[in-house]
Amino acid sequence: MDSLIEIEDLTKWYIPKGRNEDKIIKAVDGIDLSINKGEVLGIIGESGCGKSTLARLLVALEKPTFGSIKFEGIPINQILKENRLYFKKNCQMIFQDPFDTFDPRNNIQKILTTPLKTHDIGSSHKKRTDIIIKVMEEAGIKPAKDFIHRYPHELSGGQLQRISIIRSMLLNPKLIIADEPVSMLDVSVRADIINILLNLTKKHGVSMIFISHDIATTCYISDKIAIMYLGKVVEIGSTDDIIKKAKHPYTKVLISNCASIDPFEKKDKIKVKGEPPTPVGTGPGCYFYERCYKSCNGCKESYPEMMDLGNGHYASCFNI
Amino acid sequence: MALLEIKNLNITYKTDKKEIKAVKDFSLDVEAKDSIGIVGESGSGKSTLAMGILKLLPKETTKITGKILFNGVDLLKLSEEKLRNLRWRDISVVFQKSMNSLSPVHKIGFQMEDIYRVHEPNVSDEEVRKRILELFKFVNLSDRVYTLYPHELSGGMMQRVSIALSLIHYPKLLILDEATTALDVVTQGQILDEIMKLEEGLDLTRMMITHDISVVASSCKKVVVMYGGCLLESGYVQDVLINPKHPYTQGLLDSFPALTGEKKNLRGIPGSIPDLSLEYKSCIFANRCKKARDICFKKVPETKILPNEWNVACHLLGGF
């Protein structure tokens with residue numbers, strides 16, 4: 001399969017005033033990833049592990065400190081210089097809070113026709129309106145005519161998140177980055193939104209990066225999963241490999257602490273020491289060293305390399 | 001006699017134009033040393049219920065009818081002074097953002113001493129300190145926290161402080177209103193374990209309000225399912241969550257993806273939550289229910305009592 005996006009050694013540091021080396025916030029700290037066409041990659045991590053920064057880097061809302069992102073083989077800096085609209089059209093983002101996503105002064109018609117106008121799709125306002133009505137009905141907002149004159153505050157969270165998904169799909173992008181798209185929604189609505197997202201991506205062959213802290217939901221939606229901890233990917237592999245054959249202690253901790261809806265399923269939760277730390281002054285050893293239940297002396301000295309476990313499954317730990 | 005008996009409780013919010021019935025004809029018995037989880041989507045009235053039990057709702061805009069008997073005393077008839085004595089000493093509550101109510105300009109220890117002295121003005125300094133350190137041990141905080149300011153703690157640690165604070169006067173009833181929702185999976189799992197362990201030694205009844213069924217499944221004995229202010233189903237966790245009788249409970253459980261086991265399709269519940277300002281002469285869930293029959297739209301279902309304290313409010317019970 002062809003890879004759509006390739007990330008090499010992607011790094012984002014936030015450097016405080018005075019350039020104090022000890023206090024650099026290493027939000028994303030050297031990530032290598034690639035996403036194939038039509039693939040859904042899930043990214044899991046605790047709050048503060050840099051997963052949202054990664055998403056913002058990918059849609060060029062932030063500039064990386066080092067490293068490169070290649071979109072269809074071409075570095076995105078080059079694409080942005082030569083053909084900005086092409087990149088913006090093909091890389092779309094869905095944010096966590098649908099109420100913060102839209103300008104409250106614009107109605108749904110304006111919200112959805114603006115991107116079409118910008119990218120010169122549809123010859124007249126009426127034609128563009130016809131396009132959005134067709135897409136809205138496809139995504140389950142029926143009758144769409146009743147909705148297009150409403151404002152964001154007149155819709156429920158679930159409906160508005162659907163509009164957000166519709167907006168991202170309108171331009172037929174090649175990559176969608178969904179940053180916690182369902183964590184604000186009620187459970188009964190969540191399943192619908194996830195299904196719409198999955199159906200649309202499968203139908204149009206779109207690749208997606210699904211960022212979440214919810215392991216069960218991510219497993220449901222993704223083909224491949226990457227686990228992040230303090231700005232680094234600690235384990236990556238197919239969903240089955242990650243859930244059934246997790247190798248990194250941190251992945252094991254996350255999975256064992258994921259509560260089930262089955263009251264009979266008693267899992268032995270793996271305990272970790274301490275609290276999720278901040279990405280300041282990390283290293284030189286393994287970042288998880290202090291909280292790890294398997295740590296040994298070697299872990300303190302250098303950061304473990306990614307180990308190839310076959311079948312696209314990689315983990316970075318000395319104790320595999 | 002049950003520790004807390006709620007009888008035909010109605011809580012109505014009054015606005016200029018309409019009345020919103022947030023809790024409707026709600027009855028529930030909570031036995032001493034029970035752990036009971038109340039689940040429902042946003043707008044189901046679960047937080048209103050918690051606030052109503054402690055009479056924390058604004059008097060001017062809310063109307064409460066019915067009975068809330070705590071140890072046989074009707075809380076709704078108590079004077080403000082008597083209620084003040086009862087709150088925190090007998091019934092305490094931890095909210096989702098309880099940690100935000102810690103004062104940023106005082107040390108944790110000072111704030112806890114202050115709160116301890118409200119109900120026990122004549123204790124010596126050593127006693128207070130001993131009690132607080134004992135509580136720290138309960139919730140797995142180090143003694144160091146005593147001299148720290150809230151901003152020096154992580155979210156999980158602050159929520160632990162909130163839980164420690166709520167236990168300071170050995171309350172009989174502890175209400176946790178989404179107390180672990182904002183935390184990471186690993187931290188949430190650990191705090192839940194700590195709460196359960198801590199209950200073994202104390203005479204404590206726990207009421208856990210959450211939208212996350214997995215939290216209830218892993219930490220509670222009984223569960224109550226609320227929808228639109230009504231109780232739809234209640235009973236022991238191993239009955240209700242394994243073999244749900246109410247279509248809403250079934251729908252809710254089908255909306256949760258499972259981490260292990262076979263991958264089944266997620267099904268949400270179509271539609272959105274009911275408008276609580278309307279008078280319902282039908283089953284409140286009827287218009288979203290897949291199994292609804294004629295009778296569901298004509299009559300409010302009575303709560304049927306099955307063996308093993310299992311209550312279900314559905315017309316179709318037994319005759320699907």
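## Patches, salt bridges and a buried glycine

A nonpolar surface patch of about 210 Å² is made by A:Tyr14, A:Ile25 and A:Val280. Keep in mind that this is a predicted model. Chain A also carries a negative patch, formed by A:Glu6, A:Glu8, A:Asp9 and A:Asp32. Across all chains, a search of the whole structure turns up 30 salt bridges, and a few of them get a closer look here. Over in chain B, there is also a buried glycine to look at, B:Gly37.

**Surface patches on chain A**

- A:Ile25 counts as partly exposed because its relative accessibility is 37%, which puts the residue between the 20% and 50% cut-offs.
- Which strand gives the most to the negative patch? That's strand E1 of chain A (residues 3-14), with three residues.
- A:Asp32, another member of the negative patch, lies in strand E2 (residues 25-36) of chain A.
- With 52% relative accessibility, A:Asp32 counts as exposed, since the cut-off for that is over 50%.

**Salt bridges in chain A**

- Some background first: side chains of opposite charge can pair when their charged atoms come close.
- A:Asp192 and A:Arg162 form a salt bridge, and their closest N and O atoms are 3.9 Å apart.
- A:Asp192 sits in helix H9 (residues 187-204) and A:Arg162 in helix H8 (residues 157-170), both of chain A, so this pair ties together parts that are 30 residues apart in sequence.
- Are the two partners buried or exposed? A:Asp192 is partly exposed, at a relative accessible area of 23%, whereas A:Arg162 counts as buried at 15% relative accessibility.
- Helix H9 of chain A also holds A:Arg190, which forms a salt bridge with A:Asp214, the closest N and O atoms being 4.0 Å apart.
- A:Asp214 lies in the loop between strand E8 (207-212) and helix H10 (215-221) of chain A, so its pairing with A:Arg190 ties together parts that are 24 residues apart in sequence.
- For this pair, A:Asp214 counts as partly exposed at 24% relative accessibility, while A:Arg190 is buried at 14%.

**Salt bridges in chain B**

- The side chains of B:Arg89 and B:Glu120 meet in a salt bridge, at 3.7 Å from N to O.
- Both partners lie in loops of chain B: B:Arg89 in the one between helix H2 (80-86) and strand E6 (91-94), B:Glu120 in the one between helix H3 (108-119) and helix H4 (125-138).
- The pair links distant parts of the chain, 31 residues apart.
- B:Arg89 is partly exposed, with a relative accessible area of 30%, and B:Glu120 counts as partly exposed at 28% relative accessibility.
- There's a network of salt bridges too, linking B:Asp34, B:Lys221, B:Lys222 and B:Glu309.

**The buried glycine, B:Gly37**

- B:Gly37 has its place in strand E3 (residues 35-39) of chain B.
- Why does B:Gly37 count as buried? Because its relative accessibility is 0%, and buried means under 20%.
- Setting aside neighbours within four places in sequence, B:Gly37 is in contact with B:Met208, B:Val216, B:Cys220, B:Lys222, B:Val223 and B:Val224.
- One of these contacts, B:Lys222, is also a member of the salt-bridge network.
- B:Ile213 is 176 residues away from B:Gly37 in sequence, yet the two are 8.6 Å apart in space, C-alpha to C-alpha.

Conventions. Residues numbered from 1 in each chain as written. Chains lettered and ligands numbered in written order. Predicted model: local features only at pLDDT ≥ 70, side-chain atom pairs only at ≥ 80, totals over all residues. Heavy atoms only, no water. Helix = DSSP H or I, 4+ residues; strand = E, 2+ residues; numbered from the N terminus. Buried < 20%, exposed > 50% of the residue type's maximum accessible area, 1.4 Å probe, protein only. Contact = heavy atoms within 4.5 Å. Patch = residues over 30% accessible without salt bridge, like charges linked within 9 Å, V, L, I, M, F, W, Y side chains within 5 Å. Areas by Shrake-Rupley, 256 points an atom, 1.4 Å probe, with all protein chains shown as cover. Lys, Arg positive; Asp, Glu negative; His and termini not counted. Charge placed at Lys NZ, Arg CZ, Asp CG, Glu CD.
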